[in-house]
Amino acid sequence: MIVYVNGRYVHEEQAKVSVFDRGFLFADAVYEVTAIINGKLVDFERHIVRLQRSCHELQLALPYSIDEIKQIHRQLIERNNINEGLIYLQVTRGNAKQRDFLFPDKDVQPTLVMFAQKTNIIDNPKVQNGIKAVTVEDIRWARCDIKSVALLAASLAKEYAKQQGADDAIFVKGDIVTEGSSSNCFIINRHNQLQTRELDHEILPGITRKAVLSLAKEQGISIIEKAFSLEEMLMAKEVFITSATTLVCPVININNKVIGEGKPGKNAIRLREIYLENIK
Ligand code: PDD
């Protein structure tokens, strides 16, 4: 694979980042994952607007224009011949040349790393048949609205899910559901409303979440943005998660309890189809 590091396209084996990079030492970095379908970027502008916001919240000046970042995305798609997959982008506060908690001088340039990965986004049997999830206490930091690379809690949660024979984890804070380990979480509640947690510091403002909410609105589906409990999720008619890489992914079993009829729900299937049509 050809990857991008600070202005250069190099073979992955040749790519280098300093051991003093703030991303490596302090997780002082933010990232974005954008899906590629039919060789095209999905919702690129919204991802970059969120990247700019994440940088702003960390007082990290991004020295690249939207157009420059778009060109790098396109180059990676072309050079790696990607039809379907994703582009990962990470920007860190750069190489501070030493370990110091304080921000480095202004002349230290941020590190920008980008690479592409081939994955099946449309024809993904796991996603199409619905996944099994377990809930895990949400031990992440208090600014989950920033797309920070500090993903250890998510990694531990996914590993725990795997050890339990499940496909993914859904975070709960006490009794209340926050979001998926790398996705936003939706239910069809007992009033047949599409319900998802309101945006606050506890969840990431998902790009797919936003797209799905506006498509659901167009379809005349009643929507409520309000946190729900674990109990409400387990009793829901449908549960699904959304993210750039899974789009709309039905959840058919949580904590070994069957959700709804134990198969992908009609709303999840419909929203996935409409979202895909829209992308194409
Ligand atoms: N994760 N919530 C969390 C905690 C996430 O990590 C993600 C995405 C989302 C969904 O956001 P979006 O719809 O913009 O992809 C919600 C990416 C895919 C990842 O870390 O791989």
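In which loop is Asp 43 found? Asp 43 sits in the loop between β4 and α2. The model is a predicted one, in which local features need pLDDT of at least 70 and side-chain atom pairs count only at pLDDT 80 or more, while totals for chains, interfaces and linings use all residues. Residues are numbered from 1 along each chain as its sequence is written, and side-chain values use heavy atoms, with hydrogens and water left out. Helices (H or I, at least four residues) and strands (E, at least two) are DSSP runs, numbered from the N terminus.

**The open sheet**

- Six strands make up an open sheet with antiparallel pairing, in the order β2-β1-β6-β5-β3-β4; two strands pair if DSSP finds at least two bridges between them.
- The edges are held by β2 (8-11) and β4 (40-41), each with a single partner strand, so one side of each has no neighbour in the sheet.
- Strands of a sheet pair through backbone hydrogen bonds, either parallel or antiparallel.
- Eight bridges link β3 (residues 29-37) to β5 (residues 85-92) in the antiparallel sense.
- Within this pairing, Val 30 has Val 91 of β5 as its bridge partner, and Ile 36 stands opposite Gly 85 in β5.
- Strand β5 is also joined by eight bridges to β6 (residues 111-118), and these two strands run antiparallel.
- In that pairing, Thr 92 stands opposite Thr 111 in β6.
- Helix α2 (residues 44-57) lies across β3, β4 and β5, and runs at about 175° to β3; axes are lines fitted to C-alpha atoms, for helices over the stretch in contact, and angles run from 0 to 180 degrees between N-to-C directions.

- Eight of the eight residues of β5 are buried, so β5 is largely enclosed by the rest of the structure; buried means under 20% relative accessible area, exposed over 50%, and partly exposed in between (1.4 Å probe, protein chains only).
- Both faces of β5 are covered, with Gly 85, Ile 87, Leu 89 and Val 91 buried on one side and Leu 86, Tyr 88, Gln 90 and Thr 92 buried on the other.
- Thr 135 belongs to strand β7 (residues 131-137) and is buried, with a relative accessible area of 15%.
- Leaving aside neighbours within four places in sequence, Thr 135 is in contact (heavy atoms within 4.5 Å) with Tyr 160, Ile 170, Val 172, Leu 230, Met 233, Ile 254 and Asn 255.

**Loop residues with positive phi**

- Most residues other than glycine have a negative phi, and most peptide bonds are trans.
- Asp 43 has a positive phi, near 55°, and is partly exposed at a relative accessible area of 26%.
- Ala 27, in the loop between α1 and β3, also has a positive phi, near 50°.
- The relative accessibility of Ala 27 is 29%, and Ala 27 therefore counts as partly exposed.

**Nonpolar surface patch**

- Val 19, Phe 20 and Phe 24 form a nonpolar patch on the surface, with about 330 Å² of accessible area together.
- Patches are made of residues with over 30% relative accessible area and no salt bridge, with like charges joined within 9 Å and nonpolar side chains (Val, Leu, Ile, Met, Phe, Trp, Tyr) within 5 Å.
- Accessible areas come from the Shrake-Rupley method with a 1.4 Å probe, and for residues only the protein chains shown count as cover.
- Phe 20 lies in the loop between β2 and α1 (22-26) and is partly exposed, with a relative accessible area of 37%.

**Salt bridges**

- The structure holds 16 salt bridges, a salt bridge being a side-chain nitrogen of Lys or Arg within 4 Å of a carboxyl oxygen of Asp or Glu.
- Arg 140 and Asp 138 meet through their side chains in a salt bridge (2.9 Å, N to O), and both Arg 140 and Asp 138 are buried.
- Arg 197 forms a salt bridge with Asp 200, the closest N and O atoms being 3.2 Å apart.
- Arg 197 also forms a salt bridge with Glu 202, where the closest N and O atoms are 3.8 Å apart.
- Arg 197 counts as buried at 8% relative accessibility, whereas Asp 200 is partly exposed at 25% and Glu 202 is partly exposed at 26%.
- Salt bridges that share partners join Arg 53, Glu 57, Arg 143 and Asp 145 into one network.
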